[in-house]
Amino acid sequence: MTNKNLIDLEAMTVDQIEKIVRKARKIMQSPDDFRHACDGKILATLFYEPSTRTQMSFQTAMLKLGGRTIGFDNPMNSSVAKGESLKDTVTIISSYADIIAMRHPVEGTAMAASLYSKVPLINCGDGGHLHPTQTLTDIVTLSCEKGRLDHLKIGVCGDLLNGRTVHSLIKTLAKYEGNSFVLISTPELCVPLYIIDILEKNGCPYEISHSLSDAVADLDVLYMTRIQRERFKSEEEYEAQKYVFVLDREKLDRAPEDMIILHPLPRVNEITVDIDDDPRALYFKQAQYGMFGRMALILLLLQDEDFVIAERETQISEHCCKNPKCVTQSEAYLPRLSYQKLGMQMCGFCDKRID
Ligand code: NCD
């Protein structure tokens with residue numbers, strides 16, 4: 001089955017990802033050619049969780065294409081505050097808008113919402129799970145700044161357990177030949193096992209490191225991330241993890257001259273500000289690339305009939321998902337979707353094992 005929703009970049013082929021990158025580059029070169037490409041179209045941004053870049057870059061993307069936007073960034077100002085279900089909200093909004101961009105603190109929500117949306121729905125982050133359009137941002141940046149998406153040694157550093165940007169990035173770059181990863185985190189915040197499985201399944205080499213100083217000496221890309229305070233069970237656990245990895249001038253002096261530094265932002269002390277003017281610091285430019293990537297995505301989803309995304313084959317499971325952070329816990333009417341992976345049954349919403 002195929003669809004027009006972007007829930008997980010994994011569902012896209014390498015050709016489709018490259019089509020987005022090519023389109024983004026075309027828009028960057030001649031933005032005037034696209035000023036009326038979405039005249040009369042409406043984007044709804046449903047943000048149940050804080051955002052600066054993702055929300056505003058989607059809104060700006062639609063405005064620059066000639067379209068308009070509706071939406072909320074504080075669900076407490078919408079009927080969600082009265083207890084409206086996700087299903088009802090999405091059913092209604094998808095009869096107003098032509099395309100929906102949604103962020104939610106609960107894992108699997110975008111997938112759940114897509115079951116009830118009549119228009120393309122884009123996952124802008126679902127809890128600690130995935131963030132595919134940040135990965136598009138990262139990929140457009142790599143393509144423009146490194147000239148390739150393959151044969152890269154990428155260090156990812158910080159909260160690799162809860163950082164959804166890292167999960168989406170690894171899943172996507174693991175598809176490209178010759179890429180390898182250095183996973184730099186404390187033992188408590190290393191990537192979830194399902195991400196390690198993906199690396200292994202793709203034959204993608206990876207090392208685990210607990211030292212940013214050592215790792216930085218031999219990388220093409222350093223991807224820094226924030227410790228995700230809001231995803232910790234207690235303030236004490238967060239306090240123990242914050243500021244463990246800080247990229248400062250001393251560490252950067254050990255890095256190759258052509259290494260680039262990316263960060264999805266916001267930064268909370270993990271990169272010192274004196275580095276911002278270093279030519280390798282590309283995190284602000286990266287946010288700008290993101291807007292072009294999102295313009296390209298909107299155009300392809302709305303206008304290119306051939307741009308359809310493969311849908312994972314799921315079945316109804318007799319098991320309930322036990323992940324307390326999964327959307328199936330809060331939206332009880334959802335079908336118990338599951339799929340098979342390596343002989344295991346996985347939840348069709350949050351990708352955690354359910355059997
Ligand atoms: C990221 C997110 O929301 O996951 N930010 C973003 O979208 N640019 C990273 C973060 O919040 O740390």
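Predicted model: local features only at pLDDT ≥ 70, side-chain atom pairs only at ≥ 80, totals over all residues.
**Asp-88**

I found Asp-88 in helix H3, residues 86-93. I then checked a separation. Asp-88 and Thr-60 are 28 residues apart along the chain, and their C-alpha atoms are separated by 27 Å.

**Arg-148**

I looked up another pair, Arg-148 and Tyr-176. These two are 28 residues apart along the chain, with 9.9 Å between their C-alpha atoms. Arg-148 belongs to the loop between H5 and strand S6 (153-157). I noted it as partly exposed because its relative accessibility is 30%. Its side chain reaches the backbone oxygen of His-151 at 3.0 Å. Setting aside neighbours within four places in sequence, I listed Leu-142, Ser-143 and Asp-220 as the contacts of Arg-148.

**Helix H5**

Two of those contacts, Leu-142 and Ser-143, are also among the buried residues of H5. I checked the helix length next. H5 covers residues 132-145, and its 14 residues should span 20 Å at 1.5 Å a residue. The end C-alpha atoms are 20 Å apart, so the span agrees.

How many of the 14 residues of H5 are buried? I found 12, so the helix is mostly covered, by the under 20% cut-off. The buried set includes Pro-132, Thr-133, Gln-134 and Asp-138. After the helix comes Gly-147, with a positive phi near 75 degrees.

**Helix H7**

I went on to H7, residues 193-201. Tyr-194, Ile-195, Ile-196, Ile-198 and Leu-199 are buried there. What covers the buried residues of H7? The cover includes helix H6 (164-173), strand S7 (180-184), strand S8 (206-209) and S13. Just after H7 I noted Gly-203, whose phi is positive at about 60 degrees.

**Ligand site**

I listed the surroundings of the ligand. Among them are Arg-53, Thr-54, Arg-103, His-131, Gln-134, Arg-164 and Thr-165. The list also includes Arg-226, Gln-228, Pro-264, Leu-265 and Pro-266.

I then looked up individual atoms. A ligand oxygen atom lies 2.7 Å from a side-chain N or O atom of His-131. For Arg-226, an N or O atom of the side chain is 2.7 Å from an oxygen atom of the ligand. Leu-265 uses its backbone: an N or O atom there is 2.9 Å from a nitrogen atom of the ligand.

**Aromatic rings**

My search of the whole structure gave four aromatic pairs. I wrote down the pair of Tyr-116 and Tyr-333, which is edge-to-face, with 6.0 Å centre to centre and 70 degrees between the planes. This pair links distant parts of the chain, 217 residues apart. Tyr-116 is in the loop between helix H4 (109-114) and strand S5 (121-126). Tyr-333 is in the loop between helix H12 (327-330) and strand S13 (337-341). With 33% relative accessibility, Tyr-333 counts as partly exposed.

I noted Phe-232 and Tyr-238 as another edge-to-face pair, at 5.9 Å centre to centre and 65 degrees between the planes. Phe-232 is buried, with a relative accessible area of 15%. Tyr-238 is buried at 5% relative accessibility.

I also recorded a charge over a ring. The charged end of Arg-312 sits over the ring of Tyr-339, 3.8 Å from its centre.

**Ser-117**

I returned to the loop between H4 and S5 for Ser-117. Its relative accessibility is 15%, so Ser-117 counts as buried. Where does a polar atom of the Ser-117 side chain find a backbone oxygen? The backbone oxygen belongs to Val-119, at 2.7 Å. Beyond neighbours within four places in sequence, Ser-117 is in contact with Val-90, Ser-94 and Ile-100.

**Arg-280**

My last entry is Arg-280, in the loop between strand S10 (260-262) and helix H11 (283-303). Buried or exposed? At 8% relative accessibility, Arg-280 counts as buried. Its side chain reaches the backbone oxygen of Leu-252 at 3.5 Å. Neighbours within four places in sequence aside, the contacts of Arg-280 include Arg-249, Leu-252, Ala-255 and Pro-256. I also listed Glu-257, Met-259, Ile-260 and Ile-261 among them.

Note on methods
Residues numbered from 1 in each chain as written. Heavy atoms only, no water. Helix = DSSP H or I, 4+ residues; strand = E, 2+ residues; numbered from the N terminus. Buried < 20%, exposed > 50% of the residue type's maximum accessible area, 1.4 Å probe, protein only. Polar contact = N/O pair within 3.5 Å; in protein donor to acceptor, adjacent residues only side chain to side chain. Contact = heavy atoms within 4.5 Å. Expected span 1.5 Å × (residues − 1). Phe/Tyr/Trp six-rings, centres within 6.5 Å; stacked < 30°, edge-to-face > 60°. Lys NZ or Arg CZ within 6 Å of the ring centre and 35° of its normal. Near = heavy atom within 4 Å.
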